[in-house]
Amino acid sequence: MFFLYQIIVTVILLFSPIILIFRLIKKKEDKIRFKEKLSIATKKKSKGNLIWFHGASVGELLSIVPLIKYYGNKKNISQILITSSTVSSSKVLEKFKLKKTIHQFYPVDHLYFTNKFLKFWKPKLAVFIESEIWPCMYRNLENKNIPLILLNARLTKKTFKRWMKMENFAHTTFNKIKISFPQNKETKLFLQKINTTNIKDVGNLKFIENKLSKKSKLDKNLINELKKRNIWVATSTHFGEEKFCAEAHIELKKKIKNLTTIIIPRHIHRVDQIVTEIEKLNLNVDVHSSRKKKLNSTDIYIVDTFGDTQQFHQVSSSVFLGGSLIKRGGQNPLEAARYGARILHGPNTDNFKDIYKKLGSLKISIKVTTPKKLASLIVFKKNKFIGDKIKNIGTKILKKTIKELDNIINNELKKT
């Protein structure tokens, strides 16, 4: 099965120039740094101990920022390498002041490229986040005796069933993991069924708070304008959800004055399409990048920049989480909840089932299916008590995670 997997990856590589051109046009690749995916490094490796963290995209990387900050202060670690697969994740990381840390794009999962990557960077250990299971990289890590940790591991029922169709392949791949830390009970059960050898519970890293750097604060003029308005936020929205929220705005505007709805789309390359769609509803639309000084006539304010979501969550008392009206499984609601916001979402939240269950029990999150229902549930006052409760859960999980990782990392660094 591994041999077949290699053949499939090789065939894809033969068509990669065409795929790359298409992705560059769609702005899904960095026109300069895309070569990193072929294990051509664009930054230098420092002398000394390097530890490596890998997460697919924005959500995974944000969950480990507090860990990166912690290990950035460790004298026995010279450099921290972070890899991811998306342009948006690389841009979001720039918002944080991370010591000793560099970012590269994750290489193609082929034996040649993964081997080349490891020979250059020579990590003392690798920490993969959530669902990042890559057979070729896992094999090369084992061959080079580099310990592999699967942190905040996440396996959905669909993914588990897919792996079990190739049971032997699944066993040989997952058995290369030194230790797994599942983020929920379902994942723990699936890992056990795949015969993953070493599993420990520390909790879900997504509960941990990420503090912004000073450079990441909103412009003072914008903050003053937002204070004059009644605002609410719709974040990580997908196609169709922006119109849904705009219709909720129209409904809410019947009884609330000075209302501005802030929409943060999941993919900002769709902004022009979103603006056109909403303007058809006779609403005034402005975009964040225009830096408009006055918002007194703004109905819908669209955030068309990377890495600014957290700042808007800080100032909003109600947040609608996108990816939940369509079959995408929802987005992580914890950041907004941590700031005391009421969480509103559609019926599809399978990606964060345990988290929404917890928030529902605390009466923080509510499901909506119509614009009218959404409008009726929007509030303009934060619940600080709930926010503090979420933060406390996160603090405990962070301490437990650091304790476990310290034991592994310190033992590995002593060997050198």
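Strand 3 (101-105) and helix 5 (111-121) each supply at least two residues of the lining of the largest cavity in this predicted model. Helix 5 gives the largest share, with 4 residues. The volume of this cavity is about 60 Å³. The structure holds 1 cavity of 30 Å³ or more. Ten names make up the lining list, which runs through Glu 36, Ser 39, Ile 40, Ala 41, Gln 104, Phe 105, Lys 116, Phe 117, Phe 120 and Trp 121. By class, 6 of the lining residues are nonpolar, 2 are polar and 2 are charged.

Lys 37 lies over the face of Phe 105, and the distance to the ring centre is 5.5 Å. Phe 117 belongs to one aromatic cluster, together with Trp 52, Tyr 106, Phe 128, Trp 134 and Tyr 138.

Aromatic pairs were then counted. A pair of aromatic rings is described by the distance of the centres and the angle of the planes. The count comes to 16 aromatic pairs. One of them joins Tyr 112 and Phe 113, with ring centres 5.1 Å apart. Their planes stand at 75 degrees, so this pair is edge-to-face, the cut-off for that class being over 60 degrees. Phe 113 has a relative accessible area of 14% and is therefore buried, as the limit is under 20%.

Tyr 301 and Phe 312 form a tilted pair. The centres are 6.2 Å apart, with 50 degrees between the planes. This pair links distant parts of the chain. Tyr 301 sits in strand 10 (residues 300-302), whereas Phe 312 sits in helix 13 (residues 309-315). The two residues are 11 residues apart. Both Tyr 301 and Phe 312 are buried.

A further buried position lies in a loop. Thr 196 is found between helix 9 (185-193) and helix 10 (220-227). The relative accessible area of Thr 196 is 7%, so the residue counts as buried. Leaving aside neighbours within four places in sequence, Thr 196 is in contact with Phe 174, Asn 175, Ser 180 and Leu 191.

Technical notes:
Residues are numbered from 1 along each chain as its sequence is written. This is a predicted model: local features need pLDDT of at least 70, side-chain atom pairs count only at pLDDT 80 or more; totals for chains, interfaces and linings use all residues. Side-chain values use heavy atoms; hydrogens and water are left out. On a 1 Å grid over the protein atoms alone, a cavity is a set of points where a 1.4 Å probe fits but cannot get out, and a pocket is an open set with protein on both sides within 12 Å along at least five of seven lines; lining residues have an atom within 4 Å of a point. Grid points are joined across faces, edges and corners, and a volume is the space filled by probe spheres set on the points. Ala, Val, Leu, Ile, Met, Phe, Trp, Tyr, Cys and Pro count as nonpolar, Asp, Glu, Lys and Arg as charged, and the others, Gly among them, as polar. Buried means under 20% relative accessible area, exposed over 50%, partly exposed in between (1.4 Å probe, protein chains only). Contact means heavy atoms within 4.5 Å. Rings of Phe, Tyr and Trp (its six-membered ring) pair if their centres lie within 6.5 Å; planes under 30 degrees apart count as stacked, over 60 as edge-to-face and the rest as tilted. A charge sits over a ring if NZ of Lys or CZ of Arg is within 6 Å of the ring centre and within 35 degrees of the ring normal.
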